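Good morning. I will go through one model today, starting with a single contact and then widening out to the chain as a whole.

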Amino acid sequence: MKHVFLIDGSGFIFRAYHALPPMTRPDGTPVGAVYGFTAMLLKLVEDTDADHIAVIFDRARKTFRSDIYPQYKAHRPPPPDDLIPQFELVRDATRAMGLKAVDMDGYEADDLIATYVRQAREQGAEVTIVSSDKDLMQLVGEGVVMMDAMKNRIIGPDEVLEKFGVGPDRVIDVQALAGDSADNVPGVEGIGVKTAAQLINEYGDLEGVLANAQNIKQPKRRERLIEQADNARVSKQLVTLCQDVPVEVPLDDFDVVKPDVGTLLDFLREQNFKSLVSKVEARGVSIGDNGNKTKRAASSTTQNVNAVPAVEIPTAQAEYELVQDEEALKRWIAAAMEAGVVAVDTETTSLDAMSADLVGVSLCVTPGRACYIPLAHKGAEAQGGFDFGDGDGQGDQGAPEQIPLAQALALLKPMLEDPGVLKVGQNIKYDLLVLSRYDLDVAPVDDTMVLSYVLESGQHGHGMDELARLHLGYETIKFKDVAGTGKAQVTFDRVALDKALDYAAEDADVTLKLHKMLKPRLVAQHMSTVYETLERPLIPVLVQMERHGIKVDATELKRLSDDFAKRLGDLEIEIHKLAGQEFNIGSPKQLGEILFDKLGIEGGKKGKTGAYATGADILEGLAADGHELPARVLDWRQLAKLKSTYTDALIGQINAETGRVHTSYSMAATSTGRLASSDPNLQNIPIRTEEGRKIRKAFIAEPGHKLLSADYSQIELRLLAHVANIPQLKDAFHADLDIHAMTASEVFGVPIDGMDPMVRRRAKAINFGIIYGISAFGLARQLDISRGEAGDYIKAYFERFPGIRTYMDGTKAFAAEHGYVTTLFGRKCHVGGINDKNPMARGFSERAAINAPIQGGAADIIKRAMVRLGDALDGAGLHARMLLQVHDELIFEVPDGELDATRALVKEVMENAATLDVPLVVDAGVGDNWDEAH
């Protein structure tokens, strides 16, 4: 035994599946992945000098790791339906070549590979692991290398060091700290591979890091290492490969034998693989008979690209085309028109869609084949004198060859606007907004980010890199890889075309592959209605809202900022006077020492870092006890945040062209369906404080217009009454009663007339707290009463409204069984940790499960309204523009002469966006600024 070849069969089949378009044999059985797998395997084994070869597969998802950590790989989606029947066929392909196909219950393929590696090294053989899986890199060492057959790359210790920042012997320590979101390995929150490597290099190994955690300088990192040490240790167990599996197939059985060509041909003909049949008939097949054609590289620590020729399969990278003339572009446009589906991606100079310049467009019509159309790349002179070309020094001759922007867009416009061609994008809202500024109205569209969100919200992130890793087993090229980092980073118009091609075309290619995988799951998982009626039609609505933006008064913001600065200065003087000395108010450590050491206030609690806790909840408790200093610090913190986040930042976010701020709405940021706002975040401006109202006054209407605010009244309580079927609440809403006064009357037995405002306040706190699964402890803190009294209130509440308890218990049980809850409109809100053994973690998830159908239902209703309002306004000949969505509120800019008609129509559409057992009510106000309208 001299050279053992261990092939990661599971990795091979997934890469083959995503590299090739779908194929079926005459009886309808899908075989695209089988073809790719077989082609790769034939090429691979013919070009090796190995004397022992085996293909190792995963057999089932449940392994011994599931017993260690039940959530391990729990978020992984099931394999695509058309891939499942191909699993056994690839094993048949392996056996038809005379090779062993090995798998085993209770263990992953990686564990079998690790065990065979150990056995082979004990017999003195060198080993090549054919895989690019990072989890196998811990096995690399003397006599053991990995080979990425797709990239023709040998992975030795140097390559492992480059990827992980440590040698192979410390890979598991780095993985234990960094975790792995794709496999649901927890790791330590906030620690990535780079930080983990730094820590391991400093302290030796995982236990060394944990033993020295208290010495870590960064406070958050120190706290997390201390608090999550058990997570790190469990993670190390999960990522450590088992090297003593009681394997059922002995290593000696992997001895290479001459395959029976007849058996192989019978298999290939059965699958209808005519091209492979022709190749085998022409030259036969010789496995492990490489002779002296290649050199063995297992003992080398450097990359030897000649060691094993790359597997020849139609990969995406090999089929990327740089489109620099009109004829080539016309070919791609014609292909897109014929196919009816095309993935589209734009490259720009900025992440801000309202200020970004278009640099290029990429298209993909068939998985594995994509193009990049450069439109505004600059020459080396514009790039600071560097040669961004092919290294021949000719890059300084000006801009590279590319189709003039206007001509290319004129050619693309008919296809991009053709209603018969579906345009697919990843976060396509950004691309639509950029292209709309070039007079391109792209439609219809699909969005892979939104598809993933509808199918798996709350389970993982929905960015392209994570989706490619999760669904395709593929690591995408990163922006920093082509544009650099830090001060050396360039905008995309300065990226060399060869690099730009690979990066940009890959985006379109991966997008189309994800679309082919995710879109069919909508029907199978009964999520088509949510996607087709709520999310997809919302995309163009949000594009228009973001493009419109909202006008702000920069002068008023500056005046407010100056006012806040003066008040902060006054507060600082007052706080220092109360403290008896000057200190950094923004330092929690210094504040804690002042409060609990110098002033001797009781109740101070030190964390594991040795510093006192000074969070808002602590300060609020101290302020409620009559301590003035913490009350003033709370005032100072709120004012400082408003100044930095809004009055200062908003001035810099005014678009120079439009004079407006253009917030960006994220469609896939929450687990409940709510939209999130960023750059700037307009959803966190305080509603009930004087300072919040002052900031809202700076949001103004254009001359000749007013702002209209339309806000759902108590929509979550109305949904609770509906879904929990509470007769008293339903009756109160139908009678248009004061719902909080009614609740107080029911729970506390007091008359509504002449009710004490404090009693009503307590009922209000319970009403809204119940939606969020509030505990007696939480209610006690909110109302400043004893926990026992709060518990009595909650008990009385459930006795008067037993349907709410039934709803809560039923929702928690459903979530525990299924891992998700649903809204009225069928949205699935996945709830991680619902079966966690830790009571605190489980309690948090249970409260989230109770709230999600209510909050998610409210999000669905306002989305339904937003989707309908555009057509309704157009149909009525009204010119109002929807500008903002903030929680349960919509903001419109309305011409003065259309105020009454617009208000009436908006209320009608919003109040009829859903049919509940209680009426939906919208409060609508008008003003010159947001505060007046609100």
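## A salt bridge to start from

Glu-535 and Lys-863 are joined through their side chains by a salt bridge, 2.7 Å from N to O. Glu-535 belongs to helix H22 (residues 528-535) and Lys-863 to helix H36 (residues 839-875), so this pair ties together parts of the chain that are 328 residues apart in sequence. Before going further, please keep in mind that this is a predicted model.

Are the two partners buried or exposed? Glu-535 has a relative accessible area of 0%, so it counts as buried. Lys-863 is buried as well, because its relative accessible area is 1%.

Arg-95 pairs with Asp-92, and their closest N and O atoms are 3.1 Å apart. Both residues sit in helix H4 (residues 86-96), three residues apart, about one turn of the helix. Arg-95 is at 41% relative accessibility and therefore counts as partly exposed. Asp-92 is partly exposed too, with a relative accessible area of 28%.

Another pair of this kind is Glu-911 with Lys-907, whose side chains form a salt bridge at 3.2 Å, N to O. These two are in helix H37 (residues 899-911), and because they are four residues apart, about one helical turn separates them. Glu-911 has a relative accessible area of 24%, which makes it partly exposed. Lys-907, at 26% relative accessibility, is also partly exposed. There is a network to mention here as well: Arg-59, Arg-91, Asp-103 and Asp-105 are joined into one by salt bridges that share partners.

How many salt bridges does a search of the whole structure find? The count is 58. As for the charges themselves, the protein chain carries 102 positive and 139 negative side chains. The centres of those two sets lie 3 Å apart.

Thr-38 is in helix H2 (residues 32-46). Its relative accessible area is 0%, so Thr-38 is buried. What does Thr-38 touch, once residues up to four places away in sequence are left out? The list is Ala-93, Met-97, Phe-267, Leu-268, Phe-273 and Leu-276.

On to the backbone, and the cis peptide bonds. One joins Ala-443 and Pro-444, with omega about -10°. Pro-444 is in the loop between helix H16 (428-436) and strand E12 (445-447). A cis peptide bond also joins Asp-679 and Pro-680, and there omega is about 0°. Pro-680 is found in the loop between strand E16 (676-678) and helix H28 (690-697).

Asn-725 has phi near 55°. Where is Asn-725? It lies in the loop between helix H29 (715-723) and helix H30 (727-734). With a relative accessibility of 48%, Asn-725 counts as partly exposed. Asp-736 is not a glycine either, and its phi is positive at about 55°. Asp-736 is placed in the loop between H30 and helix H31 (739-748). At 64% relative accessibility, Asp-736 counts as exposed, because the cut-off for that class is over 50%.

Finally, the chain as a whole. Its secondary structure comes to 38 helices and 23 strands. Along the principal axes, the C-alpha trace spans about 95 × 65 × 60 Å. How does the radius of gyration compare with that of a compact globule? For 934 residues, a compact globule would have a value near 30 Å, and the protein chain has 31 Å, which agrees.

Of the 934 residues in the protein chain, 51% are buried. The chain exposes about 39,800 Å², and carbon and sulfur atoms supply 49% of that area. Looking at contacts between residues at least 6 apart in sequence, 68% join residues at least 24 apart. The Glu-535 and Lys-863 pair I opened with links parts that are 328 residues apart in sequence.

That is what I have; I am happy to go back to any of these sites on the screen.

Definitions and conventions:
Residues are numbered from 1 along each chain as its sequence is written. This is a predicted model: local features need pLDDT of at least 70, side-chain atom pairs count only at pLDDT 80 or more; totals for chains, interfaces and linings use all residues. Side-chain values use heavy atoms; hydrogens and water are left out. The radius of gyration is taken over C-alpha atoms; the globule rule is 2.2 Å times the number of residues to the power 0.38. Buried means under 20% relative accessible area, exposed over 50%, partly exposed in between (1.4 Å probe, protein chains only). Contact means heavy atoms within 4.5 Å. Accessible areas come from the Shrake-Rupley method with a 1.4 Å probe; for residues, only the protein chains shown count as cover. Lys and Arg count as positive and Asp and Glu as negative; His and the chain ends are not counted. The place of a charge is taken as NZ of Lys, CZ of Arg, CG of Asp or CD of Glu. A salt bridge is a side-chain nitrogen of Lys or Arg within 4 Å of a carboxyl oxygen of Asp or Glu.
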